[in-house]
Amino acid sequence: MIGNFEDPRKTFGEEVCRIALENRKIVLLSADSGRSSGFGSFMDKCPERYFEFGIMEQTMTGAASGLASTGKIPVICAIASFITARNYEMFRNDIGYMRQNVKIVGRNGGITYSDLGTTHHSLDDFGLIGMIPGVVVLAPQDPNEIREAVRAMLKYEGPVYMRIGNEKQENLFESGFEIGKARHICHGEDVTLISAGSMTANAVKACRKLNERDISVEHLGISTLIPLDCDAILESAARTGFVVTVEEHYTEGGLGNKVGELLATEGCPAELIKLAIPHDYCISGPYSEVLAYYELDADSIAARIEQDFKGVYF
Amino acid sequence: MDIVTVLYFKEMKCDSGAPHKKERDRFLLSAGHKCLAQYAVLAEKGYFPKPYLDTYGSLGTILPGHPDMNKLPGIEANTGALGHGLAIAVGMAMGIRLDEGDSRVYVIMGDGELAEGSNWEAIAAAAHYKLSNLCVFVDFNGLQISGRVQDIMNFTPFKERFEAFGWNVITIDGHDMKQIVEALEMARVAVDRPTVIVAHTIKGKGIPFLEGKAASHFWSPNEGELDEAVKSIKIKAGLQEGKGYDW
């Protein structure tokens, strides 16, 4: 229901387990991460299709490739930084290059493990995994989208990476998720605001504030980083001429870079403001406070857009 | 070469006419740089026309320097980066067992390759899951690209290390066809544990001027050397045109 808050890991786990219990091709893999990924009910009901690897991300990724080659649909879920960076060569060669039907889900993505320090942050995963040819990169924006994205990725034939967080998230949308399609959250004329994944919730609030301040914002919600909905972005950017990207990722390698490249290569004359985490080692602390520190809370997003927009046009 | 030959011509269920048949046995060359041996055997088995062998190294070839399953039928995994093949094989063995299939999974690894830590993860996982349908050869020639394995990073004794991880370990002369066949028979009856066959081999075996030399790891012959090498192999193997191996 819209407005309800849910734990994204629990939402993800419940949906995967529900489908996996019906579809015998699905196998779930864990790197000492099963119950915290929401796989608990499946572990108990279907232990023969649940494979625990311990703290062994590299071999788990390779084994997922092998399982896929026997017709299984392996789903891995573990801490995002460990399941993208630690096992990167296995992800690239064994999953990407071998075009295997494996689904890798990074939980506690971005800086949601805010107080655990830089080793537990994944602020490069969109960039890293986005560099592997043929891998779909998803970042669902709310719990309902997580459910829809799980269903879509399990139907999709091919490698998928999906990032979810761990902070409770508000349901923003009833339905409408589609791989490769941006969501038109609201239409406007002055600014194209493009947000990805969990940051869309703050971007929605910022959008409301800006509209109250007579800045007409068109808001595109991105739940698929790869393949990016280039047509929707270009169409909106060409109309407004002022684009702001918001993401829980480094300013390099993520949504902002991809949008910038798109605008440049397509010759779209638009200002671009990238709101993200600076390309440095992140501070630690409570999640909401870390976000505010990097000006990614709703008030800061609205203030930055207002300031930059007025700086350009007034 | 000898091990690959035994696997394809004596041991494995494989059909070049149905390379993706579910019931096939799988072979992975974790040390993907040894792929010329596999290419030769696959051509001999009819997986692709023999004239394709002459495209090795040419633009757009289906026979790259490390194997590509999406280019060449009969290749099970895109190996080349070391320390990958065994983990993929572990997954295959798990999947086959989940389907209650009787297919087996074979892997050839290099001895130098065992320095990759990911292998030891996979070695532990294979034992943990009691994958008796998995059989690994360690091509123990004692040499890697820049010298002797024991000088560069010593992982011997392999036998004791694998045993400590819970594997069934068999040691053989990797150039003795009968020993290879017998070891594979022993591996098939192993219960609740994977098998490793530590195969003592000589790098460049059969070519006297290359035998036991690390330089043969990346050797490109001139025409004269090639003729001499082919002649040496034929004499050593006692092969005449049209005559096969005596098992």
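**A walk through the model**

Modeller: UniProt, in an unreviewed entry, places the feature "domain: Transketolase-like pyrimidine-binding" at residues 6-171 of chain A; positions follow the numbering used here, feature names are shortened, and annotations may be inferred rather than shown by experiment. This is a predicted model, in which local features need pLDDT of at least 70 and side-chain atom pairs count only at pLDDT 80 or more, while totals for chains, interfaces and linings use all residues. Residues are numbered from 1 along each chain as its sequence is written, and chains are lettered from A and ligands numbered from 1 in the order in which they are written.

Biologist: How much helix and strand is there over residues 6-171 of chain A?

Modeller: That stretch of chain A is 41% helix and 18% strand, and its end C-alpha atoms are 8 Å apart; helices (H or I, at least four residues) and strands (E, at least two) are DSSP runs, numbered from the N terminus.

Biologist: And which domains does the domain assignment give for chain A?

Modeller: Chain A has domain 1 (5-170) and domain 2 (183-313), with bounds that come from an automatic or database domain assignment. Their centres, taken over C-alpha atoms, are separated by 26 Å.

Biologist: How many residues of domain 1 of chain A are in contact with domain 2 of chain A?

Modeller: 28 residues of domain 1 are in contact with 25 residues of domain 2 in chain A, where contact means that the C-beta atoms, placed from the backbone, lie within 7 Å. Helix H6 (125-130) and helix H7 (143-155) of chain A are among the elements that each supply at least two residues of the domain 1 side.

Biologist: Changing topic, which residues have the most contacts inside the largest nonpolar core?

Modeller: They are Ile76(A), Ala89(B), Val90(B), Val107(B) and Ile197(B), in a core of 148 residues. Such a core is a set of buried Ala, Val, Leu, Ile, Met, Phe, Trp, Tyr and Cys residues joined through C-beta atoms within 7 Å, and buried means that 20 or more other C-beta atoms lie within 10 Å of a residue's own. Domain 1 and domain 2 of chain A both give residues to this core, so the core lies between them.

Biologist: What does Ala89(B) touch?

Modeller: Leaving out residues up to four places away in sequence, Ala89(B) touches Gly66(A), Leu28(B), Val105(B), Val107(B) and Leu134(B).

Biologist: How many residues of chain A are in contact with chain B?

Modeller: 23 residues of chain A are in contact with 22 residues of chain B, and H3(A) gives the most to the chain A side, with 9 residues.

Key. Two residues are in contact if their C-beta atoms, placed from the backbone, lie within 7 Å. A residue is buried if 20 or more other C-beta atoms lie within 10 Å of its own, exposed if 12 or fewer, and partly exposed in between; C-beta atoms are placed from the backbone.
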